[in-house]
Amino acid sequence: MDVKIYDNVSLGENPSIGEWVILGYPPRGKALPLSIGDNCVIRSHTVIYAGNTIGDGFQTGHHVMIRENNTIGDFVSVGTGSVIEHHVKIGDKVRIHSQAFVPEFSVLEKGVWIGPNVVVTNAKYPNAPDTKNNLEGVYLEEGCKIGANATLLPGIRVGRFALIGAGSVVTKDVPDWAVVRGVPAKVVGRVDEIESYKKAL
Amino acid sequence: MDVKIYDNVSLGENPSIGEWVILGYPPRGKALPLSIGDNCVIRSHTVIYAGNTIGDGFQTGHHVMIRENNTIGDFVSVGTGSVIEHHVKIGDKVRIHSQAFVPEFSVLEKGVWIGPNVVVTNAKYPNAPDTKNNLEGVYLEEGCKIGANATLLPGIRVGRFALIGAGSVVTKDVPDWAVVRGVPAKVVGRVDEIESYKKAL
Amino acid sequence: MDVKIYDNVSLGENPSIGEWVILGYPPRGKALPLSIGDNCVIRSHTVIYAGNTIGDGFQTGHHVMIRENNTIGDFVSVGTGSVIEHHVKIGDKVRIHSQAFVPEFSVLEKGVWIGPNVVVTNAKYPNAPDTKNNLEGVYLEEGCKIGANATLLPGIRVGRFALIGAGSVVTKDVPDWAVVRGVPAKVVGRVDEIESYKKAL
């Protein structure tokens with residue numbers, strides 16, 4: 001068993017850590033604390049930086065990378081190959097599927113679902129001299145679902161329980177309960193018209 | 001050389017296994033067999049779960065993840081960073097390029113080509129109480145080609161030797177021999193009108 | 001500390017190499033040289049093949065894979081999970097973000113920015129008998145910016161300082177200074193009309 005756990009890492013009860021995992025990697029050499037709650041399952045080849053506070057029941061797939069200064073609730077899962085940047089807020093029971101990208105300043109409220117290969121952005125004008133001062137995180141409200149390979153433009157808000165179709169490019173705010181899809185994404189219905197979701201609302 | 005090979009793994013003749021590879025990882029702790037045929041090349045940092053039956057000449061790139069209960073034919077390759085979930089059927093000579101995502105219940109017949117970052121889906125209404133009971137795998141018929149970064153919606157069938165343009169979102173069945181592209185993808189031609197494919201048909 | 005550095009690897013001054021990194025992996029068993037300049041930072045689980053010439057100040061994220069026969073300038077960064085194939089030319093100060101895909105014969109001039117999950121292609125008709133003889137690399141001119149999850153079709157040229165919107169599918173050449181977006185991408189403006197870029201032009 002070969003893992004690299006830095007100082008300042010606190011794990012709750014009953015942790016399961018896979019092979020070739022790094023926990024508490026110091027960002028730019030800074031020794032920050034990393035706290036993960038009870039019953040975590042961190043699968044092989046995953047890297048979690050120092051400076052994160054993570055709740056109970058946390059699970060990762062393999063080859064996940066999570067940078068520093070994130071706050072992650074209870075019973076969150078992050079799928080294989082996904083990348084979470086820094087200063088991200090992730091509520092309880094959020095599920096991020098495989099190969100997704102979540103950049104700095106994103107907020108994912110309770111129960112949000114992020115499909116495979118979803119790409120969230122935060123820079124309207126990337127690689128400009130003032131880009132770093134103008135980042136706008138997305139705000140994903142409780143229980144919204146972002147379909148596979150969708151792209152979310154900077155600063156948009158996706159409303160409660162809204163559903164974004166796979167492959168959509170979302171360029172503006174999405175109302176609560178709305179179903180949107182396309183490039184650019186347009187409202188095509190409401191989630192409370194969908195049998196599968198009625199039961200859960 | 002540091003690899004992790006669990007019990008119940010059977011490798012054919014002349015295997016080549018890269019550094020920091022995991023073979024036979026037991027899904028939810030279940031000790032299932034993993035069988036891989038002759039002349040496999042499993043590149044570094046790849047994880048293959050127990051419960052798979054894989055043919056001869058199997059190749060992976062680096063950082064690949066393949067879950068349990070898949071049937072994979074002969075001379076299949078899976079590119080760097082790709083993720084194959086469980087209960088997937090992959091025929092002979094299928095080539096899956098880099099960073100692709102293939103979820104449970106997908107069927108890829110003989111000679112299918114999956115481009116880089118292709119995202120296949122299986123849940124029309126993700127993260128609903130009944131999602132797991134309503135998964136619909138895609139069915140990709142012999143020799144079809146799915147262009148880079150295309151998204152395939154749940155349950156669609158792509159016909160024999162059809163070609164899906166890069167970046168398309170495929171929302172309905174694609175006829176045999178058709179060339180489709182766009183969002184949503186529409187038929188724009190036939191593969192037997194394309195010089196490069198005529199020779200192979 | 002567990003890394004695998006093959007013979008024929010030359011590192012400049014002050015290298016920083018993360019855990020479970022492979023440097024100089026011989027493509028198809030060929031022992032080629034790998035040269036990386038001063039002050040490199042190669043983060044964990046990254047694989048760089050032999051046969052590359054890389055300048056000073058090179059940085060990678062985690063889980064990066066770079067194949068052989070590439071020429072990479074000074075102060076280039078390649079983000080977590082990105083894949084660079086072979087015979088790629090990358091100029092000084094290019095930044096490739098996370099989970100991007102850059103195939104063989106691509107040319108990225110000085111200062112190009114590639115967003116997260118960008119997919120570059122090179123095969124108009126993939127998996128045909130003559131595909132390998134007809135690959136057309138993209139040509140990305142100085143300072144252009146390719147938005148997140150965009151798809152670039154084979155052989156296109158993106159002009160100097162042009163900006164490609166997130167989620168676009170770029171099917172033809174993009175003029176210098178143009179802002180394009182959509183599927184297929186169309187010109188919607190000029191970068192010198194954008195305050196953030198004016199300062200840098």
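User: How many residues of chain B are in contact with chain A in this model?

Analyst: This is a predicted model, in which local features need pLDDT of at least 70 and side-chain atom pairs count only at pLDDT 80 or more, while totals for chains, interfaces and linings use all residues; side-chain values use heavy atoms, with hydrogens and water left out. Residues are numbered from 1 along each chain as its sequence is written, and chains are lettered from A, with ligands numbered from 1, in the order in which they are written. Taking contact as heavy atoms within 4.5 Å, the residues on the side of chain A number 29, and those of chain B in contact with them number 36.

User: Which three residues supply more of the area that chain B buries against chain A than any other three?

Analyst: Buried area is the accessible area (1.4 Å probe) that two parts lose on being put together, summed over both, and for chain B and chain A the total is about 2400 Å², with 63% of it on carbon and sulfur atoms. Of the area that chain B buries against chain A, 22% comes from B:Tyr125, B:Pro126 and B:Asn127.

User: How many residue pairs are in polar contact across the interface of chain B and chain A?

Analyst: Salt bridges, defined as a side-chain nitrogen of Lys or Arg within 4 Å of a carboxyl oxygen of Asp or Glu, number 0 between chain B and chain A. A polar contact is a pair of N or O atoms within 3.5 Å, where within protein one must be able to donate a hydrogen and the other to accept it, and residues adjacent in sequence count only if both atoms are side-chain atoms. With both residues at pLDDT 80 or more, the count of residue pairs across this interface is 11.

User: Which elements give two or more residues to the side of chain B that touches chain A?

Analyst: Helices (H or I, at least four residues) and strands (E, at least two) are DSSP runs, numbered from the N terminus. The elements that meet the condition are, in chain B, strand S4 (22-25) and strand S7 (47-49).

User: Which strands are the edge strands of the open sheet of 8 strands in chain B?

Analyst: Two strands pair if DSSP finds at least two bridges between them, and in this sheet of chain B the pairing is parallel, in the order S2-S5-S8-S11-S14-S17-S20-S23. Within chain B, strand S14 (residues 89-90) is joined to strand S17 (residues 107-108) by 2 bridges, with B:Lys89 having B:Val107 as its bridge partner. The strands that pair on one side only are strand S2 (9-11) and strand S23 (157-158) of chain B.

User: Which residue in the turn between S26(B) and S27(B) has a positive phi?

Analyst: Strand S26 (residues 178-181) and strand S27 (residues 186-190) of chain B pair in the antiparallel sense over 4 bridges, and B:Val180 stands opposite B:Val187. These two strands form a hairpin with 4 residues between them, and the residue in the turn whose phi is about 105° is B:Gly182.

User: By what turn can chain B be laid on chain C?

Analyst: Copies are superposed by least squares on the C-alpha atoms of residues with pLDDT of at least 70 in both. Chain B is laid on chain C with an RMSD of 0.0 Å and a shift of 0.0 Å along the axis, by a turn of 120°. The two copies are therefore related as by a three-fold rotation axis, the turn being 120°.
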